[in-house]
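Here is a short briefing to read alongside the structure. Have a look at the whole chain, then zoom in with us on a single residue.

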Amino acid sequence: MTAGPQECGLISKQVIIRATGLEEYDASGSEPGKPFSYCIITDPGDDEREFLLSVKLDNPSALSLEELQNTMKHDQGVSLPTDLGPGYTAQFEGKNGPSTYAYAWTPDTRRLLSVWITPGAPGRDHRADAIEFVRQLKPILLSTPK
């Protein structure tokens, strides 16, 4: 997930290619060597789509536990595997096709990790991809105070 070469100082280029299905993409976000806050992957040939992949750390989180639980219920989310702690994944049909996201947060909900894949590479399990992003990035981004 974080093997080099990387985009935004953290996310492996190979992982981006696997998750999005695109070898040519634009990346914007955190600068290498600085604290990670976000990484947005876009398709340079698609002006209609906002992003293909978004990984974001909100510190502090703008969402309360109640808001996260309400969003999970609204989007018919499924809790993350228990070893990953608090969080969930959800899938829905967006304006540009299927969207999958995962939210993971610290027990005090002060920090929130979000991973959005929209629509994702054909033939992949996007929910599993989002969970794997959380599995790999949570220890780096949510385990220690920032």
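What share of the contacts in the protein chain with a separation of 6 or more comes from residues 24 or more positions apart? The share is 48%. Please keep in mind that this is a predicted model.

**Overall fold**
- The protein chain holds three helices and nine strands.

**Size and packing**
- A compact globule of 146 residues would have a radius of gyration near 15 Å, so the 14 Å of the protein chain agrees with that.
- Along the principal axes, the C-alpha atoms fill a box of roughly 40 × 35 × 25 Å.
- Of the 146 residues, 44% are buried.

**Surface and charge**
- The protein chain has an accessible surface of about 7900 Å², and carbon and sulfur atoms contribute 49% of it.
- There are 14 positive and 20 negative charges, and their mean positions lie 7 Å apart.

**A closer look at Thr-118**
- You can find Thr-118 in the loop between β9 (112-117) and α3 (126-141).
- Thr-118 has a relative accessible area of 9%, which is under the 20% cut-off, so Thr-118 counts as buried.
- Leaving aside residues up to four places away in sequence, Thr-118 touches Arg-49, Phe-51, Leu-52, Pro-98 and Ser-99.
- With one of these, Ser-99, there is also a polar contact between the two side chains, at 3.0 Å.

Technical notes: Residues numbered from 1 in each chain as written. Predicted model: local features only at pLDDT ≥ 70, side-chain atom pairs only at ≥ 80, totals over all residues. Heavy atoms only, no water. Helix = DSSP H or I, 4+ residues; strand = E, 2+ residues; numbered from the N terminus. Buried < 20%, exposed > 50% of the residue type's maximum accessible area, 1.4 Å probe, protein only. Polar contact = N/O pair within 3.5 Å; in protein donor to acceptor, adjacent residues only side chain to side chain. Contact = heavy atoms within 4.5 Å. Rg over C-alpha atoms; globule rule 2.2 N^0.38 Å. Areas by Shrake-Rupley, 256 points an atom, 1.4 Å probe, with all protein chains shown as cover. Lys, Arg positive; Asp, Glu negative; His and termini not counted. Charge placed at Lys NZ, Arg CZ, Asp CG, Glu CD.
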